[in-house]
Amino acid sequence: MVTLEKNIKSVKDVLTSQDIIVFKFDSLNGRKFAVIYADGLADKQLLGELVVKPLKDAEKDAELGTVKKLLASPEIKDGTKISDAIKEISDGNAALFVDGEKDFIIIGLKNPPGRTVAEPPTQVVVKGPREGFTEDIKTNLGLVRKRLKSENLKVKMLKAGKKSETAVALVYIDGVCPDGLPERVEKQIEKNEIDIIPDSSYVAHFISKKPRSLFKRNGTSEKPDIFCAKICEGRVGLIVDGSPISLTVPYMITEDLQSGEDYYSLTYRATIVRILRVLSLLVGIFLPALYVSAQLFKIQIIPFQLLLKISSSVSGLPLSPSVEMFLTLFILEVLIEASIRMPNYVGLAMSVVGALVLGDTAVKAGIISTPAIIIVAFSAICLYTTPDLVETTTALRWIYLIVAGSIGPFGVVLLTAFILCYLVTEQSYGIPLMAPFAPLIKNDLYDSMVKANMYTLKNRPKVFKTKDRVRLKTQSGE
Amino acid sequence: MGMKISVRQICFILIMYTAVSKFIVYPTVLSHYSGRDLLFSALADFAVQAVIVWAVSFLCSRTDKTFFALLEGTFGNITARIIFGLFALFFIVCAVIPLFEQKVYVHAIFYDALPALSVFLPFFGFAVYAAAKGFQNIGRCADICLPIFIVSMLFIFAMSISEIKWDNFLPVLKTPAKNVLGASVLTAFRFFEPCWLLMFMGHFKYKKGDAAKITLSYAGGALIVLLFLAAFYGMYGDMAVTRQFAVSKISLFFPAIDLIGRIDLIALYVLEIVMLFAMIINVQLCVYCISKCTGYKNKTVISIALNAALIIMLILLDNKLSALITIWSKWMWIAFVLFANVIPLLAWTLRRREKK
C-alpha cells in the first residue's frame with residue numbers, strides 16, 4: 001500500500017522549494033488527503049471551494065473514483081506518474097493525493113498573478129474596441145473565442161522552451177487558412193530548442209526564416225480585434241503565454257501602415273490617414289539624411305530664403321553637418337530610451353533636462369543648430385505614426401544618415417534602390433513582403449494605401465490564396 | 001515550370017525603362033541632328049522597334065520555350081551557348097553608354113564639386129547585388145518602380161509644361177530627310193528593348209492578346225519619350241543642343257523654383273531609382289546569358305566579375321563619353337541592328353514545338 005507520505009516525499013524530493021505547499025486534510029469520516037500546489041500560481045480560494053469543501057464528506061474507505069466524483073472542479077484529470085504531477089504543479093495546477101492510492105488527481109486551479117484586460121498602450125484607438133491582450137494565454141484565447149465563435153476556429157497548443165515549457169497557442173481558421181501553413185509554422189517553432197520563452201518576440205525569431213534581417217517577417221498585435229481580423233484573412237496567429245503581444249504570419253509590410261481604427265472610421269478618412277502615414281514614414285527616414293546631404297553636397301535643393309536662415313543658424317558651429325545631425329539624433333535616441341526606462345516621477349525632470357538643458361542651451365551655446373533639432377524632432381514624430389515599424393525605421397534612419405554624410409544624395413538613392421531590390425523578393429511564408437505592390441495584386445490594392453469601402457472588400461486578400469475567398473455576402477445588389 | 005515574370009511586369013518594363021533610358025543625352029543628340037524635327041527621328045526609331053517588339057511577343061504566342069531552348073532545339077547546345085555568349089557581350093555593349101551617361105548625370109544633379117568617377121563608384125555595390133538577381137526580381141522591381149515613375153514624371157512634366165513654346169517646332173519637316181533619318185540611324189544604339197523580350201521569352205505565361213498589350217506598352221513608353229522630347233525642345237528650341245542631361249533641365253524654369261528651391265531635384269532623385277533599375281537590366285541579362293553560356297550557376301560570382309570589368313572600363317575610359325558615343329553611333333549601330341532587330345526576327349525561323 002502506498003502511503004500518502006510516500007507520494008508527498010516523491011514530489012518534494014524533486015520540488016524542494018518552500019513555495020511548493022503541501023496541504024494535508026481529512027474528511028469528516030477520517031479519509032486522509034494531501035494537495036500539493038505552487039504558492040502564488042494556484043488559486044487557494046478555488047482549492048477551498050472546489051476541492052477541500054466537497055471532500056469533507058468523503059467516506060473513510062472512499063476510492064479514487066469516488067473522490068473524483070465528489071470534486072466540484074470542472075477541470076480534473078487522472079495522473080499516474082509522479083513526473084506528470086511535478087509538471088502540473090509547476091504549471092500552476094494542484095495534485096490531489098489520497099492515502100493508500102498510488103494514482104492521483106490533477107485539478108486545474110491555475111490562476112497566476114496577472115493584470116486585467118485593459119487598453120493596450122501601444123495601440124490606442126479613439127474609435128473601436130479597447131480590449132487588449134494580457135500576459136495570460138487563457139484570457140487571451142478567451143478574448144479570441146469571444147470574437148470568433150466559429151466551429152472552424154482551431155487552436156493547437158504547443159510547448160516552447162526546454163525549461164520554461166511555455167504554452168504557445170497556434171490559432172487559425174480551418175478552411176480559410178491556406179493548407180499546410182499551420183504545420184509549417186508549428187515545425188518552425190519545434191525546430192528551435194531554447195531554455196526559456198519570456199516573450200513572444202522569441203517565437204517571432206523562430207518563425208522567421210531570416211531572423212537576422214532588418215525587416216521583420218511577422219505581424220504583431222496587442223488587440224484581439226486586430227488579431228481576429230488577421231486570422232479571418234487567412235493568417236495563422238500565435239499567442240504566447242506570458243506575452244500580451246500576439247504574432248501573425250504571413251506578414252506584409254503594408255500591414256504596419258494600417259491601424260485597426262482605419263476599419264472603424266470613414267473610408268475617406270482612413271485613406272487620407274494611411275497616405276499621411278506613408279508620407280510621414282518617408283519624411284521620418286529621409287529628412288535628416290537629405291538635410292545633411294543637401295548641406296554637404298547639393299545646396300541648391302534648399303530654397304534660397306531658407307538657406308539664408310540655415311546659414312545664419314549654422315555659422316560658427318564647431319561641428320560638420322553630419323556630425324551635428326548624428327549628435328542630435330543620438331541625444332534624441334538617449335532621451336527616448338531614458339524616458340521609457342525612467343520612473344514616472346522623474347519624467348518631469350527628464351522633460352526639463354531634455355527640452356531645456358540639452359535643446360535650448362545647446363543651441364544657445366552654439367553646439368547644435370535650431371534646424372537640426374527641428375528636423376530630428378520632426379523625424380521622430382513622423383516615425384511614430386507607424387509604431388510597429390519603429391524598430392526598423394529608426395535603424396534605417398541611422399544607416400541613411402551615415403550614407404548621406406559619406407556618399408551624399410546619390411548614396412541615399414542607391415541605398416533606396418538596394419532596399420527595394422532586396423525587399424521585392426523577400427517573403428514571409430511564401431507571401432511577398434511588398435505585396436500587394438510587388439508583385440502588383442490589383443484587388444488587394446483596395447486595402448493597402450487606400451482603404452476601400454467594405455463592399456469593395458468582399459473577398460479576402462488574393463495574395464493568401466485562401467480556399468474560401470468570400471468574406472462578405474450581400475443579399476442586395478450592392 | 002513556375003513563371004518568373006508576368007506580362008504585366010514586362011509591360012511596365014517596356015513603358016518605364018524604355019522611357020527613362022532616353023532622358024539624359026538622347027534628346028540633346030537628336031536636337032543636334034534633326035533640330036525641330038527630332039520627334040520624327042525618334043518616331044522612326046520607335047516605329048521600327050515596335051514592329052520587332054510585336055514580332056517577338058507574337059513569337060511568344062507560338063511557343064512556350066525559352067529563347068535558349070529554341071536555339072538549342074535548332075542548332076544544338078554548343079551553338080546556343082555561343083549565341084548566348086554573343087548576347088552577353090551585346091548586353092555589355094548596351095550597358096556601356098547608359099553607364100557613362102549616368103556617371104556624368106549623377107555628378108551633375110547630385111553633386112556640386114566632387115569628382116564624377118569617385119561619386120559614381122558606389123553604384124557598383126548596388127549593381128553587384130542586383131545583377132545577381134533573376135527574372136522574378138526584375139519583374140517585381142518594375143512593379144515597385146511604377147508608382148515612383150508616375151509620381152516623379154507627373155511632377156517633372158507639371159513643372160515644365162507651362163514653359164513649352166510650341167512655335168519652336170515650326171516650320172514642321174523642313175529639316176532634310178537625310179538628317180532626320182540619319183539621326184535615327186545614329187541613335188539606333190539606344191534601342192535594344194526587343195532583346196529584353198527575347199530573353200524573357202518562355203519565362204512568362206502568354207495569354208491571348210498579350211502581344212498587343214506588350215506592343216502597346218512599348219508604344220506607351222515611346223509616347224512618353226516623344227512627350228518628353230516635345231517638352232525639352234519646346235522649351236529650349238535651338239538651344240537644346242547645348243543642354244545635356246535633358247531631364248534635369250526641363251523643369252528648371254518653373255516659376256516657383258525661386259521661392260521653393262530646386263525641388264525638381266527631389267523628383268529627379270526619385271526618378272533616378274527607376275533609372276538605376278533600367279540601367280541594371282542589361283547587366284542582369286548579361287549575367288543570365290553568361291550563366292547560360294558557361295553553365296555556371298553562381299550568379300553572384302558572375303556579377304562580381306562583370307561589374308569589376310565595368311569598373312575597370314569606367315576608370316580607363318573616364319571622360320571619354322563623347323568619343324564612346326561617336327564610336328557607338330558610327331560603328332556599333334550595326335551590332336545593335338543585328339542583335340536587337342535582325343536576330344529577334346530570325347528567331348521566327350527557329351524550330352519550335354507546338355504549344356501544348
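Modeller: Across the interface of chain B and chain A, the rule picks out seven residue pairs in polar contact, both residues at pLDDT 80 or more. A polar contact is a pair of N or O atoms within 3.5 Å; within protein, one must be able to donate a hydrogen and the other to accept it, and residues adjacent in sequence count only if both atoms are side-chain atoms. Keep in mind that this is a predicted model: local features need pLDDT of at least 70, side-chain atom pairs count only at pLDDT 80 or more, and totals for chains, interfaces and linings use all residues. Residues are numbered from 1 along each chain as its sequence is written, chains are lettered from A and ligands numbered from 1 in the order in which they are written, and side-chain values use heavy atoms, with hydrogens and water left out.

Chain B brings 36 residues to the contact and chain A brings 30, where contact means heavy atoms within 4.5 Å. About 2900 Å² is buried between them, 71% of it from carbon and sulfur atoms; buried area is the accessible area (1.4 Å probe) that two parts lose on being put together, summed over both. On the chain B side, Tyr129(B), Arg140(B) and Ile144(B) give up the most area to chain A, together 22% of what that side buries. Elements giving two or more residues to that side include α5 (77-110), α8 (135-160) and α13 (264-294) of chain B. Helices (H or I, at least four residues) and strands (E, at least two) are DSSP runs, numbered from the N terminus.

Now for the strand. All five of the five residues of β4 (residues 94-98) of chain A are buried, so the strand is largely enclosed by the rest of the structure. Buried means under 20% relative accessible area, exposed over 50%, partly exposed in between (1.4 Å probe, protein chains only). In a regular strand, side chains alternate between the two faces of the sheet. Here Ala94(A), Leu96(A) and Val98(A) are buried on one side, and Ala95(A) and Phe97(A) on the other.

β4(A) runs antiparallel to β2 (residues 32-38) of chain A, joined by four bridges; strands pair if DSSP finds at least two bridges between them. Phe97(A) is the bridge partner of Ala34(A), and in β5(A) Phe97(A) partners Phe104(A). β4(A) and β5(A) form a hairpin with five residues between them, and Gly100(A) in the turn has a positive phi of about 85 degrees.
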